[in-house]
Amino acid sequence: MKVRVEGLTKQFVAQGVPAVHGATFDGADGGITTLLGPSGSGKTTILRIIAGLETADQGTVLVGDENVMNIPVRRRGFGVVFQNFALFDHMTVRENIAFGLRARRASRADTEARVDELLALVQLEGYGDRFPSQLSGGQRQRVGFARALAPHPKLLLLDEPFGALDARVRAELREWLRRLHDVTHLTTIMVTHDQEEALDLSDRLVVMDRGRIQQVGAPSEVYESPATSFVASFVGSANVLHGRVLEGRAQIAATSFRVPSNTSDGAQVQAVVRPHDIHIARMPAETAASAAPSPVSGRIRRIVDLGTHMKLDLALTTGESVTVHVSRKELEPLALSEGDSVLVDLESARVFVEDYCV
Ligand code: ADP
Ligand code: MG
C-alpha cells in the first residue's frame, strides 16, 4: 500500500511553534517506516493525523491514491497499536481480538476462524480464554497487535508499541515484530524515540527534530551519511566537537579540517565522530609528536569493559571530552591505564558547517 504524507503542518492552540512543520515523506510500500526523534519532536502528532485522530492545519495524507483527510477514523481501515495496551480488561483474549470484527458484523464462524488464525500468528494459541490481567506485558501487547490486525487493515500504525516494556522483553518483541512483518508484509508506520529499535526494525527512517523532518532514508544510509549533525548524533552514538572556520579551514580540537571554499571565516562548525572511528596510540616517549600529522592528545579518565568492547573516556588537552570504543584485542597491546596520555586521531570525523554536512 502506497502512503504519502505531504506538507503536514499542525500547531496546537497553546503552542508558539508548530508541533509539525511541513512534514513530507513516502512510506515504504509493504515495509516498516519509522518516525524517529526525541520526545516532543512531533512523531505522535503525525501518526495521529494519519490515523484520523487529529486534524492537520495544512497538508494531506494519501493512502493508495486516495486522499484520506476527510475520511472519518473508523472508515479509514487502519490498525493502530499504542504504547499502553488498551485491551478491554473484562473481555477474554478471544473477545478482545474479535472486537474489531464484531463492529464489522462478521459472521460468528468467520470471526472464530479469524481469531484462531490471529492467535497462531501472534503465538498465543491456548491463551484465548485468559483475561488480560493473566498475561505478561509482552503477551498483552501481542494481543493488541492481533486485535489491530484482525479486520485486515490497509495500514498498521504503531506508536512506541514496546515503550512500556522492560529492555529484555522489548528486544524480544522487536525480533518478533520483524518476523511478523515478514509474514504479513503490511505497510507499517511506527513511532519510536529508540534509535536502536529504529535501526533494527525499519526499511525506511524518517528522522525528526522539533517538528521538522531532518532526513528520510534507509537506516544504513542515515547512519553512514547523516544529513545534519543532529542526525549524526541522534542516530547511533557520536562525539560532537565544536569549532569555527579560520582562514578557510575548520579548526576543531586542534585538528584542521577541509571546508568548502565559499565558507566564510568565523562560521560555526561541528565535527561528529563515532566512538569506534576514533583511533588512539601510545604517546611516544621521546616527544617526537611533531612528526605526526595531527598530534591531538588526551588523558584517559576511565576505561570500562563493556563485554563486547572497551570504552575509554578521554579528556583532550584542548578541553573537550570524547568517548572511544576499541576492541579488547586492539587495546591490550597498547598496555594503557587510567591517567595515561594518548595520541588521538580524529581524522574520520564528519564535518558540518552551520549544521550542514561538508
Ligand atoms: P513526540 O511523539 O515526538 O514525543 P508529539 O507529537 O506528542 O511528540 O508532540 C509534539 C509537540 O506538540 C510537543 O511540544 C507537545 O507538547 C505538543 N502537543 C502534542 N499534543 C498536544 C495537544 N493535544 N495540545 C497541545 N500541545 C500538544
Ligand atoms: Mg509520542
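**View 1. The largest pocket of this predicted model is lined by 25 residues.** Of these lining residues, Arg 74, Phe 78, Gly 79, Val 80 and Arg 147 lie nearest the pocket's centre. A pocket here is, on a 1 Å grid over the protein atoms alone, an open set of points where a 1.4 Å probe fits, with protein on both sides within 12 Å along at least five of seven lines, and a lining residue has an atom within 4 Å of a point. The volume is about 740 Å³, taken as the space filled by probe spheres set on the points, which are joined across faces, edges and corners. Two or more lining residues come from each of helix H2 (73-76), S6, helix H3 (93-102) and helix H5 (137-149), and S6 gives the most, with five; helices (H or I, at least four residues) and strands (E, at least two) are DSSP runs, numbered from the N terminus. This is a predicted model in which local features need pLDDT of at least 70 and side-chain atom pairs count only at pLDDT 80 or more, while totals for chains, interfaces and linings use all residues. Residues are numbered from 1 along each chain as its sequence is written, chains are lettered from A and ligands numbered from 1 in the order in which they are written, and side-chain values use heavy atoms, with hydrogens and water left out.

**View 2. The second largest pocket draws at least three lining residues from each of domain 1 (3-234) and domain 2 (239-357).** These bounds come from an automatic or database domain assignment. The pocket holds about 150 Å³ of space, and its lining includes Tyr 223, Glu 224, Arg 274, Asp 277 and Arg 350. Helix H8 (219-224) and strand S14 (268-273) each supply at least two of the lining residues.

**View 3. An open sheet of six strands shows mixed pairing, in the order S6-S7-S8-S3-S9-S10.** Two strands pair if DSSP finds at least two bridges between them. The edge strands, each pairing on one side only, are S6 (78-82) and S10 (212-217). Within the sheet, S3 (residues 32-36) and S9 (residues 204-209) run parallel and are joined by four bridges, and Thr 33 has Arg 204 in S9 as its bridge partner.

**View 4. The largest cavity is lined by eight named residues: Ile 32, Leu 149, Leu 156, Leu 177, Leu 180, His 181, Thr 184 and Thr 188.** A cavity, unlike a pocket, is a set of points where the probe fits but cannot get out. Its volume is about 30 Å³, and helix H6 (residues 167-184) provides the largest share of the lining, four residues.
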